[in-house]
Amino acid sequence: MAYAQPQGMMPTAGGGRAKRPTWHWMLIGGVALFLALIVLALAVLIGWRILGRGDPADTVDDFYSSLQDADCDLFMDSTTEDFRSATGLTSCAIFDENIVGTDAITYEVNDRINRQGYAIFEVTETYTVDGQSESADLRYYVRRIDGQWDLDGIELLTEDSVPIT
């Protein structure tokens, strides 16, 4: 005896499963596209934060520019509070009094080492005192604080100074 199948219930050739409607695939594609855009936005944000970290060498440049141009705001922006306290240059009035005549300073970076949270520069500074050219070898400690590089310390190098390598 053969039984007749009800209309519309005929088995399909693909194993009996019905195909999903188009709106279903569009919904899944839309959600996937939305998630991909979120991942892309996070990647751009992280990349921007990494590339926008600044360069510690710019801090050394800013420090010398502040001395040569007698720019107190640039000095305050490129140094830490501890450095300003140690040097006694804690206000713009004190800075302006002590920076007179420092327009002939030049410097050359000899070495740079990056440490965790620090960039250490060895610099030869050349300046003029009473018509005589003088030079000094210095070590600058530039520290990363709150997303910005600031000069945190200066050390005069002597022959018995320990190398930074």
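Visitor: Over how many bridges do E1 and strand E2 pair?
Guide: This is a predicted model, where local features need pLDDT of at least 70, side-chain atom pairs count only at pLDDT 80 or more, and totals for chains, interfaces and linings use all residues. Residues are numbered from 1 along each chain as its sequence is written, and side-chain values use heavy atoms, leaving out hydrogens and water. Strands (DSSP runs of E, at least two residues, numbered from the N terminus) pair if DSSP finds at least two bridges between them. E2 covers residues 118–129, and E1 pairs with E2 in the antiparallel sense over nine bridges.

Visitor: Which residue in E2 is the bridge partner of asparagine 114?
Guide: Strand E1 spans 106–115. Asparagine 114 has its bridge partner in E2. That partner is alanine 119.

Visitor: What is the order of the strands in the open sheet?
Guide: The sheet has four strands with antiparallel pairing. Strand E1 and strand E4 (148–156) are the edge strands, and each pairs on one side only. The twist averages 25° from one strand to the next, with axes as lines fitted to C-alpha atoms and angles running from 0 to 180 degrees between N-to-C directions. The order is E1-E2-E3-E4.

Visitor: What pattern does the protein chain follow along the sequence?
Guide: The protein chain holds five helices and four strands. Helices here are DSSP runs of H or I, at least four residues. Read along the sequence, the pattern is α-α-α-α-α-β-β-β-β.

Visitor: Is phenylalanine 75 buried or exposed?
Guide: Buried means under 20% relative accessible area, exposed over 50%, partly exposed in between (1.4 Å probe, protein chains only). Phenylalanine 63, at 6% relative accessibility, counts as buried. Phenylalanine 75 has a relative accessible area of 1%, so this residue is buried.
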